[in-house]
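Visitor: Could you take me through one part of this model up close, beginning with the charged side chains? I'd like to see how the pieces around them are put together.

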Amino acid sequence: MNEFLNRFNITEEKYLKTGLVWEDLLAIREDFIAFRPELIAPAKYLVERFHDVNKVHSVRYRIKNPDHLIAKIIRKRIDEPERVINIENYKSEITDLIGLRILHLFKEDWHLIHDFILENWGLHEEPTAYYRTGDSPEYIEKFIDHKCQVKEHPFGYRSVHYLVETKPSKTVYIAEVQVRTIFEEAWSEIDHKIRYPYDLDNRLLSQFLVVFNRLAGSADEMGSYVQYLKRELYLREKKHLELLEEKTQLIEKLKEKIKDLELEPQQFTAFETDIEKLLNLQNLDFALPKMDIPDLSTFIPPKVVIPDLSTLMPPKVEIPDLSNLVPPKVVIPDQSNLSAPKTELPDNSDEREKKDTPKKKKSNKKKDNDSDGEK
């Protein structure tokens, strides 16, 4: 049981509050496994009928998985504690044991499928049209005009649900038929794949899926606009051809009248020339100007090759190793034995002695005075 609850993101606390007995749920599961093959025939019958509708693009069906059935019974009891679903009534209480998905291209095609359903089957209850936040009042009003209940879907699903009663044999079967566009189907499938049943409350996933939802809605709007544009161009072209045809008929009538007139040959020739000019003018294309628009759907922008600069190395500069560099040896000559050049002076010693003799005496006297002073 715990493994089952964890797989479908149901807490044990919530399950215990329902008061459901696990053995009773297992009994429903076994009963449905035996009953399930019986649902294939009515499901295929419905599929074949919907294939006859011109605006239906494709039809899919599924028979409910037994484990999903039990999980749905538990969730319904959590949401509606007073509701009783047991082995006796689950086939009528769970109304999507047979599920069909009807897909169409354009939003405007829905009402034709809606009319086909009402004409061919009885409904178990009123159809429900789910819309999302931001849908225009005109869009919602369209469903109300066709007698549908309208509900805002908490996850932004956009489709119309019918519970049809079909009786290919003596037994009456109820099948849920969901009608939506191809773009809505793509979004819902991705949403279901990512979130259900484990991440229903994951805010981060929900935010991104909301953006995806809006893109799907925009694609539907663009599809409607393209369809409208095609219709308008067709009507304009049709009107243009009708005017040309009317003009041709008037010219032919005018030519017949001219023939009945009594005209000079020159006058007749002039009239005939003018008519030929009119005939040539009508061959001009008065429709919308044709423009050669290139097909941009497969356009691939030119590839710009940006070099990887993360591994880019600057140009290698060879720097010599100066760590072992020995400066050039400068030889300084030995000047210790170097003597200045000898200069020969004349011998004036005799004259010098004569002049210096008196001075020498005076000098000695001064020295004697100094010596006395020190004492």
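Guide: Let's begin with glutamate 80 and arginine 83, whose side chains form a salt bridge with an N to O distance of 3.3 Å. Please keep in mind that this is a predicted model. Glutamate 80 has a relative accessible area of 30%, so it counts as partly exposed. Elsewhere, salt bridges with shared partners tie Glu3, Arg7, Arg29, Glu30 and Asp67 into one network. Searching the whole structure turns up 14 salt bridges.

Lysine 72 and aspartate 96 join their side chains in a salt bridge at 2.9 Å, N to O. They bring together distant parts of the chain, 24 residues apart: lysine 72 belongs to helix H5 (residues 66-79), while aspartate 96 lies in the loop between helix H6 (90-93) and strand E2 (98-104).

Arginine 60 and glutamate 185 make another salt bridge, with their closest N and O atoms 2.6 Å apart. Here, too, distant parts of the chain are linked, since arginine 60 is in strand E1 (residues 58-63) and glutamate 185 is in helix H9 (residues 182-195), 125 residues apart. Arginine 60 is partly exposed, at 42% relative accessibility, and glutamate 185 is buried, at 5%.

From the charged pairs we can move on to the strands. Strand E4 (residues 128-131) is covered on both faces: Thr128 and Tyr130 are buried on one side, and Ala129 and Tyr131 are buried on the other.

E4 runs parallel to strand E5 (residues 149-152), and four bridges join the two. Across that pairing, tyrosine 131 faces glutamate 152 of E5. To get from E4 to E5, the chain passes through helix H8 (residues 137-145), making a right-handed β-α-β crossover. E4 also pairs with strand E6 (residues 159-166), this time in the antiparallel sense, over three bridges. Threonine 128 has histidine 161 as its bridge partner in E6.

In helix H4 (residues 40-50), the buried residues are Pro42, Ala43, Leu46, Val47 and Phe50. These sit on the same side of H4 because they span an arc of only 145 degrees around the axis. The face turned away from that buried side bears the exposed residues Ala41 and Glu48. The buried residues of H4 pack against E1, E2, helix H7 (110-120), E6 and strand E7 (173-181).

H7 has its own buried set: Trp110, Ile113, His114, Phe116 and Ile117. Looking down the axis of H7, you would find them within an arc of 160 degrees, so they line one face of the helix. They pack against H4, E2, strand E3 (122-123), H8, E6 and E7. Notice a link back to the strands: H8, one of the elements packed against the buried residues of H7, is the helix through which the chain crosses from E4 to E5. E6, the antiparallel partner of E4, is also among the elements contacted by the buried residues of H4.

Notes
Residues are numbered from 1 along each chain as its sequence is written. This is a predicted model: local features need pLDDT of at least 70, side-chain atom pairs count only at pLDDT 80 or more; totals for chains, interfaces and linings use all residues. Side-chain values use heavy atoms; hydrogens and water are left out. A salt bridge is a side-chain nitrogen of Lys or Arg within 4 Å of a carboxyl oxygen of Asp or Glu. Buried means under 20% relative accessible area, exposed over 50%, partly exposed in between (1.4 Å probe, protein chains only). Two strands pair if DSSP finds at least two bridges between them. A crossover is right-handed if, with the strands pointing away from the viewer, the path from the first strand over the helix to the second runs clockwise. The arc is that of the directions from the helix axis to the C-beta atoms. Contact means heavy atoms within 4.5 Å.
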